[in-house]
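Please look at the sequence and the model first.

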Amino acid sequence: MVWRAPDSARVLNILQNPAYAGAYVYGRRQKDPSRCRPGSLTGTVKVAIGDWAVCLHAAHPGYISWEEFMANQGRLADNVCRYEAGHSGVPRKGAALLQGIAACFAG
């Protein structure tokens with residue numbers, strides 16, 4: 001096993017993984033024929049949580065509750081900087097996920 005410093009993509013992957021909340025799920029991604037290239041294994045898209053084929057809460061011990069996981073997913077979705085789409089953007093002050101603990105630097 002090789003330990004590496006976490007980057008923003010890896011941290012986001014962990015926060016969006018339902019196993020973090022003790023859930024077993026199947027169907028988080030789905031093949032999208034419009035994105036598939038011949039001979040490629042890529043071409044998948046994320047599926048909305050309500051559309052997952054299987055979602056078993058409390059399948060194993062989690063680090064956080066399912067309710068906290070869902071609240072975090074809402075915060076992460078709102079952090080997307082698309083003001084036109086009704087997202088508020090990244091919080092600057094207040095109760096934010098990882099505020100004061102993690103920092104994202106461009107460059």
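## Overall layout

The model is predicted. The chain holds two helices and four strands, and their order along the sequence is α-β-β-β-β-α.

Of the 107 residues in the chain, 17% are buried.

## Helix α2

Helix α2 runs over residues 66–78 and has 13 residues. From the first C-alpha to the last, α2 reaches 18 Å, close to the 18 Å expected at 1.5 Å a residue.

Which residues of α2 are buried? They are Trp 66, Phe 69, Asn 72, Gln 73 and Leu 76. Because these residues cover an arc of only 115° around the axis, they lie on the same side of α2. The cover over the buried residues of α2 includes α1 (8–16) and β4 (54–56).

## How the two helices meet

Two packed helices are described by the angle between their axes and the distance between the axes. For α1 and α2, the axes come within 10 Å and cross at roughly 135°. With that angle, α1 counts as oblique to α2.

From α1, the residues in this contact are Leu 12, Leu 15 and Gln 16. They meet Phe 69, Gln 73 and Leu 76 of α2. Sorted by class, the contact of α1 with α2 has four nonpolar residues, two polar residues and no charged residues.

## Gln 73

Gln 73 is part of helix α2. Is Gln 73 buried or exposed? Its relative accessibility is 15%, so Gln 73 counts as buried; the cut-off for buried is under 20%.

When neighbours within four places in sequence are left aside, Gln 73 is in contact with Leu 15, Gln 16 and Ile 49. Two of these partners, Leu 15 and Gln 16, belong to α1.

## Val 54 in strand β4

Val 54 lies in strand β4, which is among the elements that cover the buried residues of α2. Val 54 itself has a relative accessibility of 28% and therefore counts as partly exposed.

Where does Val 54 make contact, once neighbours within four places in sequence are left aside? The partners are Tyr 24, Val 25 and Tyr 26. Arg 28 is 26 residues away from Val 54 along the chain, and the C-alpha atoms of these two residues are separated by 9.0 Å.

## The loop between β4 and α2

Ala 58 is found in the loop that joins β4 to α2. The phi angle of Ala 58 is near 55°, which is a positive value in a residue other than glycine. Ala 58 counts as exposed because its relative accessibility is 70%, and the cut-off for exposed is over 50%.

Ser 65 lies in the loop between β4 and α2 as well. With a relative accessibility of 33%, Ser 65 counts as partly exposed. How far apart are the C-alpha atoms of Ser 65 and Ala 21? They are separated by 5.4 Å, although the two residues are 44 residues apart along the chain.

How values were computed. Residues numbered from 1 in each chain as written. Predicted model: local features only at pLDDT ≥ 70, side-chain atom pairs only at ≥ 80, totals over all residues. Heavy atoms only, no water. Expected span 1.5 Å × (residues − 1). Buried < 20%, exposed > 50% of the residue type's maximum accessible area, 1.4 Å probe, protein only. Arc of directions from axis to C-beta. Contact = heavy atoms within 4.5 Å. Axes fitted to C-alpha atoms, helices over the stretch in contact; angles between N-to-C directions. Parallel < 35°, antiparallel > 145°, perpendicular 65-115°, else oblique. Nonpolar A, V, L, I, M, F, W, Y, C, P; charged D, E, K, R; others polar.
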